[in-house]
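Please look through the sequence and the three-dimensional structure shown here. The paragraphs after them lead from single residues to the chain as a whole.

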Amino acid sequence: MCLENCEYDFIIIGGGSAGGVVANRLSENPKWKILLLEDGDTGDGLMNIPTLAFAFQGTRFDWQYRTEKQPDMSLGIEENQMPYPRGRVLGGSSGINYMMYVRGSKDDFNKWGEKNPG
Ligand SMILES: Cc1cc2nc3c(=O)[nH]c(=O)nc-3n(C[C@H](O)[C@H](O)[C@H](O)COP(=O)(O)OP(=O)(O)OC[C@H]3O[C@@H](n4cnc5c(N)ncnc54)[C@H](O)[C@@H]3O)c2cc1C
């Protein structure tokens, strides 16, 4: 571990789902020095239990964002705002998510392809 006058080939800000994958793939090249920075801490073992995901929302493992006020909504929300959970922990939102397998929509990928040909 480097603590002084460190130089890196890559610095990744955010050790969430994407940052972790990028750091892992880059580390396949042993010549590269990679720094992965995460604002949150290392988490809690109970995060491995998908049905407990809700228990970490609103805690220090969550950025505790709230939506903008929604004038025409009332059901289940306080002061016209809803919590908007995002993980603040190593692993990011995957640390507070439900671990459901969600396959991307074919139509979405095709639309992106049409907008960005080549
Ligand atoms: C409650 C909830 C339930 C979900 N359920 C599912 C599910 O069941 N199945 C599924 O497929 N997807 C689910 N998702 C979505 C999935 O978790 C996210 O799409 C995915 O984790 C996003 O990855 P990401 O890398 O873009 O962001 P994140 O994983 O959120 O990573 C961003 C990271 O960056 C860090 N960060 C931010 N700012 C800074 C900074 N300035 N310095 C350092 N670090 C910083 C954050 O702390 C965080 O760790 C869920 C999400 C939530 C919130």
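Tyr98 lies in the loop that connects strand 4 (83-84) to helix 2 (106-115); helices (H or I, at least four residues) and strands (E, at least two) are DSSP runs, numbered from the N terminus. The model is a predicted one, in which local features need pLDDT of at least 70 and side-chain atom pairs count only at pLDDT 80 or more, while totals for chains, interfaces and linings use all residues. Residues are numbered from 1 along each chain as its sequence is written, and side-chain values use heavy atoms, with hydrogens and water left out.

Is Tyr98 buried, partly exposed or exposed? Tyr98 counts as partly exposed because its relative accessible area is 39%, where buried means under 20%, exposed over 50% and partly exposed in between (1.4 Å probe, protein chains only). Not counting residues up to four places away in sequence, Tyr98 touches Pro50, Ala53, Phe54 and Gln57; a contact means heavy atoms within 4.5 Å. The C-alpha atoms of Tyr98 and Arg60, 38 residues apart along the chain, are separated by 18 Å.

The next topic is the nonpolar core. Which residues form the largest one? It consists of 5 residues, namely Met47, Phe56, Phe61, Val89 and Ile96. A nonpolar core is a set of buried Ala, Val, Leu, Ile, Met, Phe, Trp, Tyr and Cys residues joined through side-chain atoms within 4.5 Å. In soluble globular proteins, nonpolar side chains tend to be buried together. Leaving out residues up to four places away in sequence, Phe56 touches Met47, Phe61 and Ile96, and also Asp44, Leu46 and Asp62.

Val89, one of the core residues, is also a contact of Gly40. Beyond its neighbours within four places in sequence, Gly40 is in contact with Arg88 as well as Val89. Gly40 itself is found in the loop between strand 2 (34-37) and strand 3 (65-66). Its C-alpha atom is separated by 9.2 Å from that of Trp63, 23 residues apart along the chain.

Asn5 lies in the segment before strand 1 (10-13), and its phi is near 45 degrees, a positive value in a residue other than glycine. Asn5 counts as exposed because its relative accessibility is 76%. The C-alpha atoms of Asn5 and Asp62, 57 residues apart along the chain, are separated by 32 Å. Asn80, found in the loop between strand 3 and strand 4, also has a positive phi, near 60 degrees. Asn80 is partly exposed because its relative accessibility is 28%.

Finally, the chain may be considered as a whole. It has 2 helices and 4 strands, which run β-α-β-β-β-α from the N terminus on. What radius of gyration does the chain have? The chain has 19 Å, whereas a compact globule of 118 residues would have a value near 13 Å; the radius is taken over C-alpha atoms, and the globule rule is 2.2 Å times the number of residues to the power 0.38. Along the principal axes, the C-alpha atoms fill a box of roughly 55 × 40 × 25 Å. Of the 118 residues in the chain, 17% are buried. Among contacts between residues at least 6 apart in sequence, 49% join residues at least 24 apart.
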